[in-house]
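Subject: Structure handover

Hello,

The structure and its sequence are below. My notes on what was found follow them.

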Amino acid sequence: MKAMVLAANAAIETAPLKLADLPEPVPAAGQVRVQVRCCAICRTDLHVIEGDLPPRKLPLVPGHQIVGMVDRLGEGCRRLAVAQRVGVAWLRHTCGRCRFCATGRENLCAEQQFTGYHADGGYAEYAVVPEDFAYLIPAGFADAEAAPLLCAGIVGYRALKRSRVPDGGTLATYGFGSSAHVIMQIALHRGCKVYVVTRDARHQRLAAEMGAAWVGDSAAGLPVAVDSAIVFAPAGELVPQALSKLDKGGTVALAGIHMSPIPQMDYTQSLFYERDVRSVTANTRADGRELLDLAAGIPLRPRTVSYGLDQANQALADHKADRINGTGVLIVSR
Ligand SMILES: [Zn+2]
Ligand SMILES: [Zn+2]
């Protein structure tokens with residue numbers, strides 16, 4: 001099969017992913033094989049490729065927002081059937097026994113493994129996944145529309161929950177990339193006003209077009225103190241800024257998997273009056289199912305920009321430079 005393979009961590013501008021011909025993977029017991037239709041790209045792919053996250057498997061096929069068709073079942077699979085359309089996301093293994101798994105917090109399990117990090121992912125014609133970690137994709141979404149829901153959507157949804165924004169409340173987002181533009185649609189559906197802070201002119205236009213109450217390039221201009229904020233950009237200096245624009249009792253959720261250092265903060269200006277900072281760590285499968293149900297019901301319409309599989313380096317470089325409005329999706333087969 002064709003795949004884009006990473007041999008060693010390197011900056012994306014050096015085009016470290018190489019097109020290769022790999023043997024088709026064979027599903028182990030409890031796994032299904034998916035014929036990949038498309039795979040969305042994500043900032044986490046950049047962190048994996050460039051080595052911000054310590055390598056777990058090399059060489060590696062990245063990619064963890066896969067939409068495809070089940071084409072082969074491993075021994076003992078009972079839940080899924082051949083020809084069903086499924087999604088494969090970042091989380092692919094938890095222990096199922098620890099105190100976190102036992103209390104609905106499998107996103108904190110110490111034995112977690114991730115697609116396109118511990119195991120080969122979706123920048124390829126085929127991928128395998130434990131069937132318990134594959135999601136059925138609701139009808140009504142084109143393949144490329146569904147792909148961004150699997151990470152940008154799910155992790156954004158968890159960040160939205162962690163931000164505790166009330167129905168009809170006010171929410172600021174710092175950054176307006178894949179996740180922000182997906183979850184903004186959920187926030188608007190819940191009657192929230194959404195304030196978008198981004199320096200990128202194209203992202204500003206998209207946010208305004210999608211119904212933002214206010215768009216600007218820095219927190220300083222925010223016209224109100226908001227109930228909640230989500231910091232999507234991996235920039236620690238935004239944390240004290242986001243806190244300073246929060247109403248009393250408000251919450252800032254940090255959605256990234258990686259962030260530059262957070263500067264020193266003044267307690268009274270940033271935290272007093274019960275303002276909270278909460279991180280967001282991956283997601284549970286329940287988050288994924290909730291998000292996909294919600295996405296079908298609203299319905300969410302992620303904006304996507306298509307690339308070929310062999311354009312993965314370009315797509316990721318565009319993502320890194322914030323040149324993509326919406327989410328980049330590698331189209332693997334139709
Ligand atoms: Zn566990
Ligand atoms: Zn992701």
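Histidine 64 is buried, at 0% relative accessible area (buried means under 20%, exposed over 50% and partly exposed in between, with a 1.4 Å probe and protein chains only). Before the rest, the conventions: this is a predicted model, in which local features need pLDDT of at least 70 and side-chain atom pairs count only at pLDDT 80 or more, while totals for chains, interfaces and linings use all residues. Residues are numbered from 1 along each chain as its sequence is written, chains are lettered from A and ligands numbered from 1 in the order in which they are written, and side-chain values use heavy atoms, with hydrogens and water left out.

Zinc site

The zinc ion (ligand 2) is coordinated by Cys42 (SG), His64 (NE2) and Cys151 (SG), at 2.0 to 2.2 Å. Donors are N, O and S atoms within 2.8 Å of the metal (3.2 Å for Na, K and Ca); water is not among the atoms, so sites may look incomplete. The spacing of the donor residues in sequence is C-x21-H-x86-C. Histidine 64 lies in the loop between helix H1 (43-50) and strand S4 (66-73), and cysteine 151 in the loop between helix H2 (143-146) and helix H3 (152-162), so the pair ties together parts that are 87 residues apart in sequence. Helices (H or I, at least four residues) and strands (E, at least two) are DSSP runs, numbered from the N terminus. Cysteine 151 is buried too, with a relative accessible area of 7%.

Helix H3

Nine of the eleven residues of H3 are buried, so this helix is largely enclosed by the rest of the structure. Its buried residues pack against several elements, among them strand S10 (170-174), helix H4 (178-189) and helix H8 (285-297) (contact means heavy atoms within 4.5 Å). Just after H3, arginine 164 takes a positive phi of about 55°.

Aromatic pairs

Rings of Phe, Tyr and Trp (its six-membered ring) pair if their centres lie within 6.5 Å; planes under 30 degrees apart count as stacked, over 60 as edge-to-face and the rest as tilted. The count by this rule is four aromatic pairs. Tryptophan 90 and phenylalanine 114 have ring centres 4.5 Å apart and planes at 10°, so the pair is stacked. Both of these residues, tryptophan 90 and phenylalanine 114, are buried. Phenylalanine 272 and tyrosine 273 form a tilted pair, 4.9 Å centre to centre with 45° between the planes. Phenylalanine 272 is partly exposed at 39% relative accessibility, and tyrosine 273 is partly exposed at 43%.

Regards
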